[in-house]
Structure formats: C-alpha cells, structure tokens
Amino acid sequence: MDVIEKVFSKIGLEFDAEVGAYVHKKTNIPLTVHYDQEKEELVLLDQTKLPFEVAVWRTKDWREAGDPGIKGMIVRGSQAIGCAAGYAMLLAANSFRNLKENRFTEKMAEAASFLDATRPTASPLRWAVELCMKAMRSALRDGGVEEAIEAIRETADYILASDLVMNWYLRQEGKPLISDGDVIMTHCNGGSLSSSFGGHALGMIEEAYAEGKDIMVISKETRPRSQGFKLTTWELNRAGVPVVIITDNMISSAIERFKVSKVLLGVDRVARDGSVANKIGSADIARVAALYGNIDFYYATSYSTIDLDTDHGSSIPIEERSIEEVTYPYRLEAQDKRVKGILSGKSLGEWPPKEVLVHGKPGKGQIAIYNPAFDVTPPKLIDLIITDIGVFAPQQIRTLTEEKITQIVRERLEKQGVTVPKHIISSRD
C-alpha cells in the first residue's frame, strides 16, 4: 500500500464510483483532488458545478490543468490549488518524457511559469510548483528524465498526503477554540472544498459539530462568484451543520440578529507582518467585528500559505478577475425577463452594454467594473491565526523561520507515517 492509500485509509476516505471521487465516510464530503495513476489523469471535483451537481473533471493535459482547471476555478482554495499544481507538474513531465535532459528542463520551466501565473495570490501554488522543480533538478543530477518524472510523481503524492495529514492537525488546533453554543460567521469557502479534505476554517467546525458541539454558521454569500452561498452552504449542509445564508451587505444586521460570537475565515496568504490576504470582503468583516469589541476574529490556514518572503500585506499581489463574473447574473436576468414577456425583443440583453464599458478610470458616459479577488486584513484586526503547526497571534508570525516551520511539519508528518521524499529533503516541505 503506497503513502496515498495509507493516508486515505487512516482518514476514512473511500472511492465512490458514482461520484468518481474519494468520499469521506462520516461527513460524505468528497476529496477535491486526486491522481489516477493508471490513466495518468488529474481528477478534480468540479466546483463550478456545485451545488447543483456533484461531478469530477479529468485531464491528461498540463495546460488544461492550469486553465481552466486552476484559473477557471474548477479547483479553488489555496491548499487545493497547491495539490492540483503538483499533479499538473506531473502531467507536464509526462508530456515531455521523450525529450533530452536540457530540453526537458527548459519545457518544465515553461510549464512552471505558466502554472505560477494561473492564480498568483495563492501561495501554495507557487510553493508546490517550486517543490516539484526542486525534485526534478535533484533527480536529473542523480539520473535521467525518467528518474525526474518519478521524483515529481513522488513529490506530488507527498504534497497531497501531507495536506491531508496537516489538515487533521489544523482541526485539532482549532477545535478547542470553538465553544458549545457558538454562532460563527464565515466568508467565501475556507473549508474542505478549498483544501484536499477537511482543511481551513470549515474542517474544524464540521468536526466539532460531529463531536457534539452545538454550533450554527452564518455564511456570507460572497459575490460575485458566491462561493459562500453555493460552496460553503453545500459543504456544511452535507456535513449536517446548521447554516444561515446572508448577502454581503448584511454583516452588522446578522451579527446583531444571530448574536455572532466568532468570525472564522480561511486564508490565501499570510505575510511576515501577520497581514492576511483572503477573498475580497474578508477585511470588511474584520473592521465591523472590531467595532463590536466582543467578537473573536480568527483566520485558519495551512503552514504552506505563510509567505515569509513577503514582509508586508501591502506587497501581496491582488489579482483582478474577469468582469464576466459580475455581469453574468444580469445577462441571465435579461434573458429570463424576455422569456417571461416582461421585456420586449428590443430591450438590452445585458447590463452594462459593452459599448460603454472600459478598463481603468471611466470618462464621461463610460462605466468601469472593479473586480478584485482578494483584500488584505491588517494584523491589528486579527485575534489569532490558527495553523496546522500551532496557533499564533499575528505578531508571532514574524518569529517563524523556514527552518522552524520545516522541523514542526516534518515531525508531525512522520508521526503519521508520511516522510519527505529524498529529492526535496533540503527544502521547506
């Protein structure tokens, strides 16, 4: 039994032929990423179809794995993206296996650059790609292209196995902070769907609920893609957790109406100063919660999102996404009203019309749409950052080093039977 199968068995994941993915026996929540070794295919839970349909998306093509797989958000969430990126690198290596070593290295570097650019804010994406490149270079020094491909395969498996194991540790770190009777506000989908399984904020909530704690979750809709409405609510409901959906402009009202006691969000990147980048709107909740003064504000994340090379949150790159995410619902509304006869055939089919839309600052008679994917919460608004290597106040993040992180992770993984592949032994893992 290989390391992936052992971890799957320990955690309680079993393959569900109807879904086409591994599913957790207790919560019925599917694994977001796995690799079909027989068919050499990356298999992703297709989150663009949730909550309406549970289905998987498969590809043998590393470019497709990057776009639409990662960029098109078939897989989404920082940890899940990292796991997918490792296997995307394996797909690339498979496609280049007949090349000479120098050309193989050049093409792998091109693939790494392409994949890095698909979702630039999520730190685990770059981390996973770099880890695979390190393994490749080490294996090439010891052997040839075939050895390099197997080193990348071993590394990709390690990324997935370690994420599953470290998510378990994250849940154990976070559960003591969840009290019986808590009403917890969340935003976007920082949960099992944004990791391999059971990670980020929702994993610990789901496990605490399964163990008998009385918990209710207030899930913000999270426009424009509405991951809170579609994904978080779907995930919590699948695990049985009571949940209330609110729209994004209901923060204060919901806090007062439901007596919110905690805010618990996932993370895309943590800077050295303790700033946190997460889905746009996260910082808004932090500012409102701070005004009330009696609401704990927590972020929950994997160690792999801690970016010690970024000194300040202001340095984190914030991607702007397609305006189609914003305009799509209104185009559907126009179509629906035409079908119902509310609008005539002469009506606009979309809003705003393309002829008045511009990028950048609008002039007279023009309209621009601003659609950033993330914002940054300053450390002064964060009470604790819960991670799989411990719980930290924001100012404590700067005390961490790559060496300290590596030591803690390695010790925790080895306790669960997951060892670092030899070709990346000297890197952060």
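Me: Strands are DSSP runs of type E with at least two residues, numbered from the N terminus. The model is a predicted one. In which strand is Val243 found?
Reply: The run that holds Val243 covers residues 243–246. Counted in that numbering from the N terminus, the strand is S8.

Me: Is Val243 buried, partly exposed or exposed?
Reply: Buried means under 20% relative accessible area and exposed means over 50%, with partly exposed in between. Val243 has 25% relative accessibility, so this residue counts as partly exposed.

Me: Which residues does Val243 touch, not counting residues up to four places away in sequence?
Reply: A contact needs heavy atoms within 4.5 Å. With residues up to four places away in sequence not counted, Val243 touches Val217, Ser219, Thr233 and Leu236.

Me: What separates the C-alpha atoms of Val243 and Ala300?
Reply: Along the chain, Val243 and Ala300 are 57 residues apart.

Me: Which residue of S7 stands opposite Met185?
Reply: S6 and strand S7 (residues 216–220) run parallel and are joined by 4 bridges. The chain gets from S6 to S7 through helix H7 (residues 200–210), in a β-α-β crossover that is right-handed. In S7, the residue opposite Met185 is Ile218.

Me: Which residue of S9 stands opposite Met185?
Reply: Strand S9 covers residues 262–265 and runs parallel to S6, with 2 bridges between them. Two strands pair if DSSP finds at least two bridges. The residue in S9 opposite Met185 is Val263.

Me: Which residues make up the covered face of strand S5?
Reply: Strand S5 (residues 56–59) is joined by 4 bridges to strand S4 (residues 41–45), and the two run antiparallel. In that pairing, Leu42 stands opposite Thr59. The uncovered face of S5 has Val56 and Arg58, and the covered face has Trp57 and Thr59.

Me: What relative accessible area does Gln227 have?
Reply: Gln227 lies in helix H8 (residues 227–239). Leaving aside neighbours within four places in sequence, Gln227 is in contact with Met73, Arg76, Cys188, Asn189, Glu221, Thr222, Thr232 and Lys279. Buried means under 20%, and Gln227 is buried because its relative accessible area is 4%.

Me: How far apart are N and O in the salt bridge of Arg171 and Glu207?
Reply: The search of the whole structure finds 26 salt bridges, one of them between Arg171 and Glu207. This pair links distant parts of the chain, with Arg171 in helix H6 (residues 145–174) and Glu207 in helix H7, 36 residues apart. Both residues are buried. The N to O value is 2.7 Å.

Me: Where is Lys175, which forms a salt bridge with Glu207?
Reply: The closest N and O atoms of Lys175 and Glu207 are 2.8 Å apart. Glu207 is in helix H7, 32 residues away in the chain, and Lys175 is in the loop between H6 and S6. At 10% relative accessibility, under the 20% limit, Lys175 counts as buried. The location asked for is the loop between H6 and S6.

Me: By about how much of a helix are Glu333 and Lys337 separated?
Reply: Glu333 and Lys337 form a salt bridge, with the closest N and O atoms 3.0 Å apart. Glu333 is partly exposed at 38%, and Lys337 is partly exposed at 29%. They are 4 residues apart in helix H11, so the separation is about one helical turn.

Me: What is the area of the nonpolar surface patch that includes Trp351?
Reply: Trp351 is in the loop between helix H11 (324–339) and strand S14 (374–377). The patch is made by Tyr330, Leu348 and Trp351, and its area is about 360 Å².

Definitions and conventions
Residues numbered from 1 in each chain as written. Predicted model: local features only at pLDDT ≥ 70, side-chain atom pairs only at ≥ 80, totals over all residues. Heavy atoms only, no water. Patch = residues over 30% accessible without salt bridge, like charges linked within 9 Å, V, L, I, M, F, W, Y side chains within 5 Å. Areas by Shrake-Rupley, 256 points an atom, 1.4 Å probe, with all protein chains shown as cover. Salt bridge = Lys/Arg side-chain N within 4 Å of Asp/Glu carboxyl O. Buried < 20%, exposed > 50% of the residue type's maximum accessible area, 1.4 Å probe, protein only. Right-handed = clockwise from strand over helix to strand, strands pointing away.
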